[in-house]
Amino acid sequence: MKHSLDILPLQSWINTGDKPLIIAGPCSAETEEQLVSTAHLLANTGKVNVLRAGIWKPRTRPGEFEGIGSVGLQWLKRAKEETGLLTATEVATAKHVEEALAAGVDVLWVGARSTANPFTVQEIADALKGVDVPVLVKNPVNPDLSLWIGALERINGAGIKKLGAIHRGFSSFEKTAFRNEPMWDIAIQLKTIAPELPIINDPSHICGNRELIPYVTQKAMDMDMQGLIIESHIDPSVAWTDAKQQVTPAALSDLLDNLSIRHAAS
Ligand code: PEP
Ligand code: MN
């Protein structure tokens with residue numbers, strides 16, 4: 001499969017030295033206190049590069065918490081000012097892109113449900129024209145490598161050269177130990193097709209529960225993935241979304257200490 005990606009190496013836009021890029025933070029921004037206190041604990045580990053938090057949450061079914069909305073951008077701003085962490089959030093519409101950029105969010109990501117829809121991806125790409133911001137594209141919910149590459153090409157086509165892919169696993173009707181099947185072979189194929197593209201693993205959404213996360217994380221490192229995005233909450237048991245898979249900042253710190261990393265990220 002051919003592709004036409006024109007991208008900059010990860011280390012040219014976030015220098016993580018010889019370590020993988022670590023993005024961590026709550027699934028959702030819930031309250032200002034929850035986000036800012038989690039950010040402080042994560043920053044204090046000295047192991048996190050970017051604070052993540054969903055502000056606009058794409059729920060599979062209606063009737064659940066759909067994100068705190070734009071006010072959360074101000075909380076991210078405060079967390080950044082107080083901790084020095086870069087910030088990242090999910091964007092799913094042109095309006096999200098405009099608001100997140102206006103609020104100074106450092107890294108944007110496209111969620112798995114959005115990647116599955118080329119109209120949505122194109123809308124996001126059009127809103128990014130002329131903007132210099134790193135964008136990470138999650139794999140689509142379904143195991144379709146072309147759809148993933150197509151989304152990366154659309155964002156890249158808008159002029160975004162600080163580009164990365166997030167491997168968050170794939171939905172299947174069969175229930176297995178994983179919330180989303182990792183289907184590692186798809187990530188391997190992406191790596192083969194676009195070796196220069198950084199791939200960041202999202203063990204939280206692959207596993208769906210805290211217990212499996214260390215194994216998937218180690219596997220991602222063994223595959224020389226260049227980063228991790230891990231959901232971390234000050235008190236996961238009361239999280240408004242994805243409670244079973246979030247880890248405390250202390251648990252995240254232990255997890256990272258116990259990883260064996262063979263290669264420096266490049
Ligand atoms: C998330 O990162 O919280 C999220 C909604 O992820 P995904 O798009 O992978 O389901
Ligand atoms: Mn989540």
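Helix α11, residues 249-257 of this predicted model, buries Pro249, Leu252, Ser253 and Leu255. Viewed along the axis of α11, these buried residues fall within an arc of 160°, so they line one face of the helix. Ala250, Asp254 and Asp257 are exposed on the other side of α11. An α-helix has 3.6 residues a turn, so residues three or four places apart point the same way. The cover over the buried residues of α11 includes strand β1 (21-25), helix α2 (32-45), helix α10 (213-222) and strand β8 (227-231).

Helix α10 has its own set of buried residues, namely Ile213, Val216, Thr217, Ala220 and Met221. They take up an arc of only 140° around the axis, which puts them on the same side of α10. Among the elements covering them are β7 (199-201), α9 (203-207), β8 and α11. Just after α10, aspartate 224 has a positive phi of about 60°.

Beyond α11, the chain continues into a segment that contains arginine 262. Arginine 262 has 8 other C-beta atoms within 10 Å and is therefore exposed, since the limit for an exposed residue is 12 or fewer. In tryptophan 109, which lies in strand β4 (residues 107-110), the count is 26 C-beta neighbours inside 10 Å, so this residue is buried; the threshold for burial is 20 or more. Leaving out neighbours within four places in sequence, tryptophan 109 contacts Ala88, Glu90, Leu136, Lys138 and Ile166.

Two C-alpha to C-alpha separations involving these residues are tabulated here.

| Residue pair | Apart in sequence | Apart in space (C-alpha to C-alpha) |
|---|---|---|
| Arginine 262 and phenylalanine 119 | 143 residues | 39 Å |
| Tryptophan 109 and threonine 248 | 139 residues | 22 Å |

The largest nonpolar core comprises 66 residues, and Leu108, Val135, Val137 and Ile155 have the most contacts inside it. Helix α7 (residues 145-157) contributes the most to this core, with five residues. Isoleucine 155 touches Ala125, Leu128, Val135, Val137, Ile160 and Leu163, when residues up to four places away in sequence are not counted.

Ligand 1 has a shell made up of Cys27, Gly54, Pro58, Gly111, Ala112, Arg113, Lys138, Arg168 and His205. By type, this shell divides into three nonpolar, three polar and three charged residues. Lys138 belongs to the shell and is also a contact of tryptophan 109.

As for the chain as a whole, its secondary structure comes to 11 helices and eight strands. The radius of gyration is 17 Å, close to the 18 Å that the globule rule gives for 266 residues, so the protein chain is as compact as a globular protein of that length. The C-alpha trace spans about 45 × 40 × 40 Å along its principal axes. Of the 266 residues, 48% count as buried. Among contacts between residues at least 6 apart in sequence, 72% join residues at least 24 apart.

Notes: Residues numbered from 1 in each chain as written. Chains lettered and ligands numbered in written order. Predicted model: local features only at pLDDT ≥ 70, side-chain atom pairs only at ≥ 80, totals over all residues. Near = placed C-beta within 6 Å. Nonpolar A, V, L, I, M, F, W, Y, C, P; charged D, E, K, R; others polar. Core = buried A, V, L, I, M, F, W, Y, C linked by C-beta atoms within 7 Å. Helix = DSSP H or I, 4+ residues; strand = E, 2+ residues; numbered from the N terminus. Contact = placed C-beta atoms within 7 Å. Arc of directions from axis to C-beta. Rg over C-alpha atoms; globule rule 2.2 N^0.38 Å.
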